[in-house]
Amino acid sequence: MQGAIKGARILAAAAATSRTSRPVIGRASRAAYTTSLISHTLARKQLLQPRRQLSTTAPVGQQAHGVTATLTSNEPSASSLVNGQEVHGFVVEDIQTVSELKLKAIRLRHQKTGAEWLHIDRDDSNNVFSVGFNTSVSDSTGVPHILEHTTLCGSSKYPVRDPFFKMLNRSMSTFMNAWTAHDYTQYPFSTQNVKDYENLQNVYLDAVFQPSLREVDFRQEGWRLERSDPTDTTSSWQFKGVVYNEMKGAFSDAGSLFATRAEQQMFPGTTYQYVSGGDPAFIPDLTHAQLVEFHRTRYHPSNARIYSYGNFPLAPQLERVGEVISTYERITPATVPMDVKPFGEKLVTEFGPVESVGSADKQTKFSISYLTNDMRNVYETFSMSMFSNLLLNGTSAPMHKALIDSHIGSDYSSNTGYSPYTRQTILSVGLQGIADKDISLVEQRVAETFARVRDEGFERRRIDAALATVELAYKHKTSDFGLNLMKSLSTGWFHGVNPVDYLKVSENVARLRADVASGGFFEGIVDRYFANSGHKLKYVMLADPKYNQGLDQREHEMIQSKLNTLTRADLTTIDEKNKVLADEQMKKEDLSSLPTLTMADVDAAASRYALDMGVAGECVPVQWRTTSTNGISYFRAINDVRDKYPELRPYLPLFCEALTYLGTKSRDMPEIETEIRLYTGGVSFSPFVTTDLAHLGHIEAGISYGSHCLDQHIEPMFKLVLELVRETNFDNTNRLRALLNSLSSNMFNDVASSGHAYARRLASSTLTPEMQALEALNGITQVKFISDLARMSDLAPVVEKLKQVQNVVFNKLAMRTAITTNAGSADDNQTALKRFLEDYPEKDTEADNGAGGDKFVASSSRFFCPLPFATNYAGKAIRAVPYNHPDSVKLQLLAKFLTPNYLHREIRERNGAYGGGAGYSPLQGVFSFFSYRDPSPLETIETFARSIKWVTEEHTISEREMTEAKLSVFGDLDSPLSVSEEGMTYFTTGVTDDMRQERRDQFFEVTANDLKDVAAKYLSPETASQPTSVAVIGEESLAISGDWKQVRLQ
């Protein structure tokens, strides 16, 4: 979607099944534009012992691993720099301390080229580096996106194919990526190891300033014509290319398409009328020569923004970067039109795809977009984000009451909210899932709501709650603080804003409070931008059942148009180039030029977190983690029903959402929600499932929930959570219907963007009880279940089921809790928890007659879920072994080995899918494969099987490859944790620090033969007997039949 970051090289969440909880407060996605910068056992008998210390070592948190950063005596430290000082060709322009964020911001400029550098000096071991360039476009060929990919396909110092992916396994980075946004492209990474930092910095700098940019890589990553069967010169032609297939997938997502097209219509005559990520209809117009020229004019130090963060010395970095860019002469970077000429009011109607889970007569999407402020005004942008929050976010928001509670549509349109990602910002309000006849009604409700806000403003208590959320957010200690900081300031920085201005959150909050106190502040915003807008777009997208067929037809016509301009000699040349590409992809490379860590850089010892065990309310186990939390207390609870009440399990996700949406028997949700914002960082409930560490057939299942707050708000936090647990009003069917409509629409859209996860979950569902449960709770099965509930005319049966869930889930006798807090707030938490438990529901588990489900039997199956997408996703899963089995570590390493050494080449480079790989979940005992936005999923499933034959019979695993696989594993194991996550592995799964250390020791000892042995033992179709299932989600035109089980959402 244009406006959102696209082109990310690493597929987030692809390596493991997600277990994260969904946030409660802030249901609108874009509307929830963050105004702050910072914007996961079984019940154990030993927990019922008196409070005691579990771990004998008590570090505050994870420490930096490997080499320690040092500074030579003649180099200035960041803390000693002064304005005007020159260091390695960079002059210090400004130094500011931001005390509330505990950092010093240092702005520098390269004297010769004008390159800008922002260094954030902060005591944080997770150091970040990024280099980025303004890459605004003048067409929709996707040139910056394809360049972002091609840049990372080899460079002057590192002439290997795709050094970026090669470095993933030669590093212990905590983050590596690259992305293309509206106006800029960035290449960030983070790591805790100073040697790793230097290695990655050198590779990234050479990649962006001295890339190879070979035509063969352009054809692989961008687009190419290729025969459907490369060995048959009479076979039909098709478009291939990683970015081409990625953007075909993006444009098949109805929500993404709607937001993109609406934004294009909003900004005619500017760079924003084009799709920076590339429109599949125009990507084949891009030539290799144009790509090279775009790099020459855009990837220049004079057009660069360099960012660094953390506690590594700055001077050596300045020296390294200075050496790279000192050969350049200063230029004036190219510019493109960014300011739109106001067009008054405009109505545009276009067509898009049908969403199969929606009602056939309510498929229309409609929004109204208003041109607002210049994003370079930081305070006005902050104010507008707060205005959007108050207008749209949560059940208490006036637009939510006017549009969502009225059931006109299923949910906000995908572009709803404030978008500060263009030079002139916009605020959009709309609905999806509406009937054509209701467009005028939506328009009327929007106008009435703006008028009401203009007359009445917002309730002061809601304003205070919104500002409290901002203040709490920037005190919350996250593991990726530096990366989030960079993301929050990049758009403005690339438009000439002083990035330090974005760091002064407290100043903006104080100023806004003062302006609100003066009166009429938000009312004035309505007057300025909405009451008499000079630039207003009404955008309608009608659903066309034949939309995807039309896309296929237009693609066929594009291919024919290309072919009509080519001679027989031209076609022969294309065949030859495709043969060169295929040979290149299969060629064994010399990787000796790439820097790497070694096993000597890996700490032998795992990080440990001191935990105390206690009891509250006479019977409830409490895990205490006392550490530095910056004045915040974190509360977590798990209620376990094991495998009882399987008939209620599909209702758990809806139940969790309902707890923070329906309100209680004495108060409506808007009132409660305001208090949640005032006193907490949100309250979240989610289904919880985990597998016994020794037996894949035994699971724990139930509800996990939690909250966090400033220490002075501990008591109201617990009171609010208890109110939701005990008093939620499930008889509020009006709001329940609105919730179901919203969930149904959003879940379907999630399949479009995360189909690989759904395919793996569906495939895994036949293998273990946990994966069967996860499919029912968060898979295709759940999408269909919620869709069916949303179509029910009488919700009384649903209400009864939700009440049953409430009765059986919340039970003090089947509960455990965890609190992470400062030493000075432990007593306050203990007192509040005791009161909380005094009124907590209690049910005699011995008298509980809830029946368990049928005994689970693992089986093999094949699933096909046809959906109206122009892309596909494939998954394969094999039942393996539990966490404490000695083969578990070997399987985990095998997955890390297969992805870069075989699957990446075959699935992404050769087949043109956007992503693919293997993963092993040791806690779930399932080995899986996946592909993402895949043009040929059935071929990919064959590739999954071939990878096992390759590793067992055809390939000799080198010592270097083993080291790389281990480095990748240790990089995952040693990723920094947010303070709220410390000790949670034990709390949720029962894995102790000693068990993690034992497993760590085992990783060091695994050999190449071990990988071959477990591949043959568990994964080989010829020698293994493990249950194995596959799943494909995608285009109906695949016409998969035979013994494949058809899974249809409607």
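1. Buried means under 20% relative accessible area, exposed over 50%, and partly exposed in between, taken with a 1.4 Å probe and protein chains only. Strands (E, at least two residues) and helices (H or I, at least four) are DSSP runs, numbered from the N terminus. By these terms strand β24, residues 815–821, is mostly covered, with seven of its seven residues buried.

2. This is a predicted model, in which local features need pLDDT of at least 70 and side-chain atom pairs count only at pLDDT 80 or more, while totals for chains, interfaces and linings use all residues. Residues are numbered from 1 along each chain as its sequence is written, and side-chain values use heavy atoms, with hydrogens and water left out.

3. Strand β24 is covered on both faces. M815, T817, I819 and T821 lie on one side and R816, A818 and T820 on the other, and all are buried. In a regular strand the side chains alternate between the two faces of the sheet.

4. Which strands pair with β24? Two strands pair if DSSP finds at least two bridges between them. Strand β20 (residues 620–626) runs parallel to β24 and is joined to it by five bridges; R625 has T820 of β24 as its bridge partner. Strand β21 (residues 632–640) pairs with β24 in the antiparallel sense over six bridges, and here I638 is the bridge partner of R816 in β24.

5. An open sheet of six strands, with mixed pairing, has the order β27-β28-β26-β29-β25-β30. Strands β27 (915–921) and β30 (1045–1046) stand at the edges with a single partner strand each, so one side of each is left without a neighbour in the sheet. Within this sheet, β25 (residues 861–866) and β29 (residues 1028–1034) run parallel and are joined by six bridges. F864 has V1032 in β29 as its bridge partner.

6. A858 is in the loop between α26 (826–838) and β25. With a relative accessibility of 25%, A858 counts as partly exposed. Contact means heavy atoms within 4.5 Å. Leaving aside neighbours within four places in sequence, A858 is in contact with T766, L767, R879 and P1027. A858 and T1028 are 170 residues apart along the chain, and their C-alpha atoms are separated by 9.0 Å.

7. F521 belongs to helix α15 (residues 521–531). Its relative accessibility is 14%, and F521 therefore counts as buried. Not counting residues up to four places away in sequence, F521 touches Y379, S383, L512, D515 and V516.

8. Two loop residues have a positive phi without being glycine. K102 has a phi of about 55° and is in the loop between β3 (90–98) and β4 (103–110); K102 is exposed, with a relative accessible area of 53%. H407 has a phi near 65° and is in the loop between α10 (398–404) and β15 (411–412).

9. On a 1 Å grid over the protein atoms alone, a cavity is a set of points where a 1.4 Å probe fits but cannot get out, and a pocket is an open set with protein on both sides within 12 Å along at least five of seven lines; lining residues have an atom within 4 Å of a point. Grid points are joined across faces, edges and corners, and a volume is the space filled by probe spheres set on the points. The largest cavity has a volume of about 110 Å³. Among its 16 lining residues, V641, K644, Y645, R649 and L652 are the closest to its centre. β22 (683–691), β23 (699–710) and α25 (796–809) each supply at least two residues of this lining.

10. The second largest pocket has a volume of about 1,200 Å³. It is lined by 43 residues, with E226, S228, Q238, K240 and S936 nearest its centre. Elements that give two or more residues to the lining include β10 (224–227), β11 (237–240) and α28 (937–954). The largest share, six residues, comes from α17.11. For "domain: Peptidase M16C associated", an unreviewed entry, UniProt lists residues 541–789. UniProt positions are given in the numbering used here, feature names are shortened, and annotations may be inferred rather than shown by experiment. Over residues 541–789 the chain is 48% helix and 18% strand, with the end C-alpha atoms 26 Å apart.
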